[in-house]
Amino acid sequence: MDHLPLAAYENREAQTRDTLDFDIRFSADDAGTFTGHAAVFGERNSFNEIVKPGAFVRTLSEHQARDIRPPMLWSHRTDEIIGVWTDIREDATGLSVTGKLVTETAKGREAHALLKAGALSGLSIGFRARTQERGANGLRILTDIELVEISLVALPSAGNARIKQVRSMSDVSAFTRAVSRTIETLRKD
């Protein structure tokens with residue numbers, strides 16, 4: 001037991017209660033949400049192309065101005081939309097994406113199951129090159145890209161264009177239960 005003056009002890013208890021009053025930021029709606037990189041800067045892909053930093057700035061600005069996002073497709077099939085992109089931006093690595101599968105559809109559920117199992121982890125972009133440069137050995141250096149779509153794929157042309165994290169309802173529920181138990185334990189003390 002601490003040897004604190006009563007006023008200090010009561011103050012610490014009030015601070016502890018204030019600290020424990022927080023909202024859990026994950027919810028059931030997070031199930032099917034995932035993050036990754038759809039393109040990686042400077043990485044040579046199987047088509048002998050690399051993407052330079054800044055290549056997506058113009059297209060992302062155009063999407064924002066029109067309040068649209070490219071569709072999330074299953075293996076570049078325009079007839080198989082499987083989710084929505086909730087965030088797309090350039091970061092130091094490449095084209096960072098956050099998406100949410102529409103698990104109310106058969107393909108969305110299938111994609112979610114494959115992601116959770118680790119059987120599917122690739123991302124690939126469909127694009128039109130607006131400006132490009134040529135490097136040694138025919139290397140195509142993409143400097144301005146019109147982003148048309150982003151697909152979940154089994155074999156991405158850029159090896160590091162991958163999904164990094166997948167949230168599932170069971171993950172969210174387990175986390176929520178663990179945090180709730182911890183809060184209750186701390187409040188009893």
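The structure is a predicted model, in which local features need pLDDT of at least 70, side-chain atom pairs count only at pLDDT 80 or more, and totals for chains, interfaces and linings use all residues. Residues are numbered from 1 along each chain as its sequence is written, and side-chain values use heavy atoms, with hydrogens and water left out.

**Fold and surface**

- The chain holds 4 helices and 8 strands, taken as DSSP runs numbered from the N terminus (helices H or I, at least four residues; strands E, at least two).
- Along the sequence the pattern reads α-β-β-α-β-β-β-α-β-β-β-α.
- Of the 189 residues, 35% count as buried, meaning under 20% relative accessible area with a 1.4 Å probe and protein chains only.
- Of the contacts (heavy atoms within 4.5 Å) between residues at least 6 apart in sequence, 69% join residues at least 24 apart.
- The accessible surface (Shrake-Rupley method, 1.4 Å probe) comes to about 11,200 Å², and 51% of it belongs to carbon and sulfur atoms.

**Largest pocket**

- A pocket here is an open set of points on a 1 Å grid over the protein atoms alone, where a 1.4 Å probe fits, with protein on both sides within 12 Å along at least five of seven lines; lining residues have an atom within 4 Å of a point.
- The largest pocket has a volume of about 260 Å³, a volume being the space filled by probe spheres set on the points.
- Its lining includes Val57, Leu60, His63, Asp67, Arg69, Asp87 and Arg89.
- Helix H2 (57-66) and strand E4 (77-90) are the elements that give two or more residues to this lining, and H2 supplies the largest share, 5 residues.
- By class, the lining has 5 nonpolar, 3 polar and 4 charged residues (nonpolar: Ala, Val, Leu, Ile, Met, Phe, Trp, Tyr, Cys and Pro; charged: Asp, Glu, Lys and Arg; polar: the others, Gly among them).

**Second largest pocket**

- The second largest pocket holds about 210 Å³ of space.
- Of its 18 lining residues, Asn45, Glu49, Ile125, Phe127 and Ser157 are the closest to its centre.
- Strands E1 (33-40), E2 (49-51) and E6 (122-134) each give two or more residues to the lining, with the largest share, 4 residues, coming from E6.
- The lining has 13 nonpolar, 3 polar and 2 charged residues.

**Strands E6 and E7**

- E6 and strand E7 (residues 140-153) pair in the antiparallel sense over 12 bridges; pairing requires that DSSP finds at least two bridges.
- Phe127 has Leu147 as its bridge partner in E7.
- The hairpin of E6 and E7 has 5 residues between the strands, and Asn137 takes a positive phi near 60° there.

Notes: Buried means under 20% relative accessible area, exposed over 50%, partly exposed in between (1.4 Å probe, protein chains only).
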